[in-house]
Amino acid sequence: MYQQFSSPADRRLSALARHLEGSSPSSAMDPNHTISASATSGSDFGGSVFAHVVQAPEDPILGVTVAYNKDPSPVKLNLGVGAYRTEEGKPLVLNVVRRAEQLLVNDRSRVKEYLPIVGLAEFNKLSAKLMFGADSPAILEKRVTTVQCLSGTGSLRVGAEFLARHHHQRTIYIPQPTWGNHGKIFTLAGLSVKTYRYYDPATRGLNFQGLLEDLSLAPSGAIVLLHACAHNPTGVDPTLQQWEQIRQLIRLKGLLPFFDSAYQGFASGSLDADAQSVRMFVADGGESLAAQSYAKNMGLYGERVGALSIVCKTADVASRVESQVKLVIRPMFSNPPIHGASIVAIILKNRDMYNEWTVELKAMADRIISMRQQLFDALRARGTPGDWNHILKQIGMFTFTGLNTAQVAFMTKEYHVYMTSDGRISMAGLSSKTVPHLADAIHAAVTRAI
């Protein structure tokens, strides 16, 4: 006669024992019978089903900060992560951002309801005007669809997933080198990633001929990732004349440009100058994509504010494209957050606040340019071997120093200077007080490191 069990849990446990061990009903019904560890695939009930998961390596960029934080040295210097710092080495919240936030706080009519899938309409409209120009024919003809996304990373990911679903050519060409996250974003979105030559280590400048040759061999319809300005990590940008040649080649080959605009206004200090490359491609009537971020130029790093714009041939196509982009966003993050986008919208629509922003933005850009000059002067004063003019020629937050992995390791060990292993340094992390220490470290690395 079968043993009666006191609870459903007991009965389920008994059934599990019979299934896993293939034992007879009588043995499974034995109240003294227990399930062995082998019966649960090598794990007892106290173990983890994730025990096989291995420790992942630190992100090569964010990991620099992790190592920096563990270093007790009082002279340590973090030049890894791309975030602006003041002359005192402190994070900066723009005054105009604080003003905008205060307006939001004081507005008692504001609520925390969900935004639409595409985000805050006013933010999207103003972001498109900032990127393409208020008088852009594409905007006036309603050929642009703009959706709010999670900063630049999210904008790239949404755009990439849309292209993977709806573009006939699923290959994207990215510059070599490029931001470390680009390849991962596009691969996980379902695109096949290839590279085109961009940086020339010999000149520490642009390998323009290699760029043209590689893109000329790309298949028709291939997507091309372009940094709108302040190329990350090299700080090397094409001239306007070179941009025009790139535009002609891309249109001739029927390639699809996808701009990553993370530094508009932050590179040169001029919002319009830093958008010229994008606007050249829009002015010819062709189609393109642009991912915008407000992390750097408004200092809204942690608010994750960005936008994806897709420029289409007609208003009808743009409308249909937006309907499909919404289907990408809905299962990804449903709809974007409201606070950061509201800050941006307030600043962009208010003329006085917009002007105040441009002044603060130029001050940030000018300080970085000043750091370039100071570092160059310090290396020259020390007689550091090599040509360091590229520090002045490169633009934006980063300088691709040309230091090798061994030299970077030497600087970290001996001088507590932290940067990515490829020799990229964030100029925004420097100050007049820390330039001499960095110059000493570079000089020692170049003259003594293996």
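This is a predicted model: local features need pLDDT of at least 70, side-chain atom pairs count only at pLDDT 80 or more; totals for chains, interfaces and linings use all residues.
Residues are numbered from 1 along each chain as its sequence is written, and side-chain values use heavy atoms, with hydrogens and water left out.

Helices (H or I, at least four residues) and strands (E, at least two) are DSSP runs, numbered from the N terminus. Contact itself means heavy atoms within 4.5 Å.

Two strands pair if DSSP finds at least two bridges between them. Strand 2 is joined by seven bridges to strand 10 (residues 305-311), and the two run antiparallel. Within this pairing, cysteine 149 stands opposite glycine 306 of strand 10.

Now to a pair of helices. The axes of helix 5 (residues 121-132) and helix 13 (residues 339-349) come within 9 Å and cross at roughly 55°. This angle makes helix 5 oblique to helix 13, because angles under 35 degrees count as roughly parallel, over 145 as roughly antiparallel, 65 to 115 as roughly perpendicular and the rest as oblique. Helix 5 contributes Glu122, Phe123, Leu126, Ser127 and Leu130 to the contact, while helix 13 contributes Ala341, Val344, Ala345, Leu348 and Lys349. By class, seven of these residues are nonpolar, one is polar and two are charged (Ala, Val, Leu, Ile, Met, Phe, Trp, Tyr, Cys and Pro count as nonpolar, Asp, Glu, Lys and Arg as charged, and the others, Gly among them, as polar).

Charged side chains bring in another kind of link. Side chains of opposite charge can pair when their charged atoms come close. The structure holds 15 salt bridges, each a side-chain nitrogen of Lys or Arg within 4 Å of a carboxyl oxygen of Asp or Glu. One of them joins aspartate 214 and arginine 197 (3.0 Å, N to O). This pair links distant parts of the chain, with aspartate 214 in helix 9 (residues 208-216) and arginine 197 in strand 4, 17 residues apart.

Note on methods
Axes are lines fitted to C-alpha atoms, for helices over the stretch in contact, and angles run from 0 to 180 degrees between N-to-C directions.
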